[in-house]
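Please look at the structure below with its backbone geometry in mind, beginning with the loops and then turning to the sheet.

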Amino acid sequence: MDFLTFIGTSDSLGVPRVYCDCAVCAEARSTGVNRRYRSSAILTTPKGETLFIDCGPDWLDQMRLIDKRVMEKVLVTHAHHDHVAGLPEWADSCRWTGRKGIVYTPAEVARTINNQYPWLDRHLTFVNNDEGCSFGEWQISPWKVCHGKNGFSYAYIFEKPAYRFAYCSDAISLTEAQKEPLKRLDLLILGTNYYKENAEPSSRSVYDMIEAIELIGELLPKRVFFTHLSHGVDRNEPYELPAHVRLAHHGLRVELWNNAQGR
């Protein structure tokens, strides 16, 4: 069976914030229910093949916590620090093991990454997936989405016979055309920073949960998990969410077949 495992569900700064003494950050330092690493997930096939989604600055800790020493393939959503800052450490791992890694990402994202880290292509092979790519039985297709004040990101649709899911971690104010691939999915992974965000709209880059619930009413997915959660989200809080919507957390494993549940 294919499944998706969350190994990071935080927004760009992680939880706890180093400077912050709010209740969520304080709890994250103690019992750790709200401890969150930068957003990332792993798609695993029945043959045990793994495709990581994004490779942020918490990559070393994430690998340690899932007891993995080798990563072979990564799908990158966009070139922001919280999604790619682990690539140099992975490249160094590839250098020492002699196993060149593969990065699937659109061409413009690859250009930005290689401008930031011009030595990466010695140890990582960048594969242009503007026209999509495949992994196991999955056909994977990217499309550009609005990321608010932060410009753009890419979302991905994963399709195989009788199942479709999307990973859309960094988006807000989607146009009708950008919403279209997200309609009537079996599973939607969507980024939401807060339950209700009060910041100036022009300063924002990700949906809040109230906005996301309204969006879900248009898209009609069967199941939804919210990721990219800031320190404004408390997993101990009983938020008013539809029955088919849940907050993702580190280690959550979602079986990718109809009527399955996340564990």
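Arg 184 lies in the loop between H6 and E11, where helices (H or I, at least four residues) and strands (E, at least two) are DSSP runs, numbered from the N terminus. The model is predicted, so that local features need pLDDT of at least 70 and side-chain atom pairs count only at pLDDT 80 or more, while totals for chains, interfaces and linings use all residues. Residues are numbered from 1 along each chain as its sequence is written, and side-chain values use heavy atoms, with hydrogens and water left out.

Although Arg 184 is not a glycine, its phi is positive, at about 55°, and the residue is exposed, with a relative accessible area of 59% (buried means under 20% relative accessible area, exposed over 50%, partly exposed in between, with a 1.4 Å probe and protein chains only). Ser 173, in the loop between E10 and helix H6 (176-179), likewise has a positive phi, near 50°, and is exposed at 51%. Most residues other than glycine have a negative phi, and most peptide bonds are trans. A cis peptide bond, with omega about 10°, joins Val 15 and Pro 16, and Pro 16 is placed in the loop between strand E1 (3-8) and helix H1 (23-30).

Turning to the sheet, 7 strands form an open arrangement in the order E7-E8-E9-E10-E11-E12-E13, with mixed pairing; two strands pair if DSSP finds at least two bridges between them. Strand E7 (133-135) and strand E13 (245-247) stand at the edges with a single partner strand each, so one side of each is left without a neighbour in the sheet. Within the sheet, strand E9 (residues 152-160) and strand E10 (residues 163-168) pair in the antiparallel sense over 5 bridges.
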